[in-house]
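Biologist: I've just opened this one and could use a guide. Could you walk me through how to read it?

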Amino acid sequence: MASKNGVVFEDFFPSMVEKLGAEGFMDELCNGFRLLVDGDKGVITFDSLKRNSATVLGLRDMSDDELMCMLREGDLDGDGSLNQMEFCVLMFRLSPDLMKGSRRWLEEVGMNEF
């Protein structure tokens, strides 16, 4: 278990990778992106994150500032939103154990694509 800002959470991503394999896990991350995306814009915006984080993720107590921090943390191109790649990178970065094994899992996914 990890603690961030006094909130304790358990990182289930490594066990998901072990169960689903790297490719299956990446598919699940893409599914998660689709649950949070703004359907008209094709990216996760502040509004879509705010609207869906409470219903989809159960994060009802997150403030607007916390949601904006999440967007800024993952927004690699500076457009104020998260595309699918940025979302997946953010999910990896938020999981310390995934970061440790990410090279091996990414190589596994890459090997399956060729």
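Modeller: Let's take the features one by one, starting with the ground rules. This is a predicted model, where local features need pLDDT of at least 70, side-chain atom pairs count only at pLDDT 80 or more, and totals for chains, interfaces and linings use all residues. Residues are numbered from 1 along each chain as its sequence is written, and side-chain values use heavy atoms, leaving out hydrogens and water.

Biologist: Where is Phe 33 found, and is Phe 33 buried or exposed?

Modeller: Helices are DSSP runs of H or I, at least four residues, numbered from the N terminus. Phe 33 belongs to helix 1, residues 13–36. Buried means under 20% relative accessible area, exposed over 50%, partly exposed in between, with a 1.4 Å probe and protein chains only. Phe 33 has 5%, so Phe 33 is buried.

Biologist: Which residues is Phe 33 in contact with, leaving aside neighbours within four places in sequence?

Modeller: Contact means heavy atoms within 4.5 Å. With those neighbours set aside, Phe 33 contacts Gly 42, Val 43, Ile 44, Leu 82, Asn 83, Gln 84 and Phe 87. Phe 87 is 54 residues away in sequence, yet the C-alpha atoms of Phe 33 and Phe 87 are 6.8 Å apart.

Biologist: Which residues touch the most other members of the largest nonpolar core?

Modeller: In soluble globular proteins, nonpolar side chains tend to be buried together. A nonpolar core is a set of buried Ala, Val, Leu, Ile, Met, Phe, Trp, Tyr and Cys residues joined through side-chain atoms within 4.5 Å. Here the largest has 16 residues, and Leu 29, Ile 44, Leu 49 and Phe 87 touch the most other members. Helix 1, helix 3 (64–74) and helix 4 (84–93) each give two or more residues to this core.

Biologist: At what angle do helix 3 and helix 4 pack?

Modeller: Axes are lines fitted to C-alpha atoms, for helices over the stretch in contact, and angles run from 0 to 180 degrees between N-to-C directions. Helix 3 and helix 4 pack at about 105 degrees, with axes 9 Å apart. Met 70, Glu 73 and Gly 74 of helix 3 meet Glu 86, Leu 90 and Arg 93 of helix 4.

Biologist: Where does Asp 75 lie, and which residues does Asp 75 touch?

Modeller: Asp 75 lies in the loop between helix 3 and helix 4. Not counting residues up to four places away in sequence, Asp 75 touches Gly 80, Ser 81, Leu 82 and Glu 86.
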